Amino acid sequence: MSKFFFMGKPDIMGKNNSNGFAPKRTAKPGTELHPLTLIVNSAERQSEVQAILAEHSLFASIEVKADVPEDIRELDFALSKSIPQVFDKVPERNAPCVCGSGKKYKKCCG
């Protein structure tokens, strides 16, 4: 038996990978512990953004700076929902072709 295997399980890294990279997966942006950092140009815009935050139950620290361009990318990211991609099912080889020729898929379009 090789020195790299113990009970059938390979031990390639040994004890080196026990303290590997561990990102904060539970750190959700927009919570009280991790508020969003937003920059707006006016107090009116600050009240609009606060209304959006209250509607979606998010927390943010908002700075009003007239000389700096507005930066609310973190808010846009927190509000955006990802849309899953849907792929059409490819017919099996012996199924009739989808083009309507009457032939098998493998003889026609596959």
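Q: How many of the five residues of strand 3 are buried?

A: First, the ground rules. This is a predicted model, where local features need pLDDT of at least 70, side-chain atom pairs count only at pLDDT 80 or more, and totals for chains, interfaces and linings use all residues. Residues are numbered from 1 along each chain as its sequence is written, and side-chain values use heavy atoms, with hydrogens and water left out. Buried means under 20% relative accessible area, exposed over 50%, and partly exposed in between, using a 1.4 Å probe and protein chains only. Strands are DSSP runs of E with at least two residues, helices are runs of H or I with at least four, and both are numbered from the N terminus. Here, strand 3 covers residues 36-40, and four of its five residues are buried. Across the protein, buried residues make up 12% of the 110 residues.

Q: Which way do strand 3 and strand 4 run, and how many bridges join them?

A: Two strands pair if DSSP finds at least two bridges between them. In this model five bridges link strand 3 to strand 4 (residues 60-64), and the two run parallel. Threonine 37 sits opposite serine 61 of strand 4.

Q: Which phi does serine 57 have, and where is serine 57 found?

A: Look for backbone angles together with the residue type. Serine 57 isn't a glycine, yet its phi is positive, about 55°. You'll find serine 57 in the loop between helix 1 and strand 4, and it is exposed, with a relative accessible area of 59%.

Q: Which residues does glutamate 63 contact, leaving aside its neighbours within four places in sequence?

A: Contact means heavy atoms within 4.5 Å. Glutamate 63 lies in strand 4, and, with those neighbours set aside, it touches Leu38, Ile39 and Val40. Glutamate 63 and valine 40 are 23 residues apart in sequence but 6.3 Å apart in space, C-alpha to C-alpha. Glutamate 63 is partly exposed, at 34% relative accessible area.
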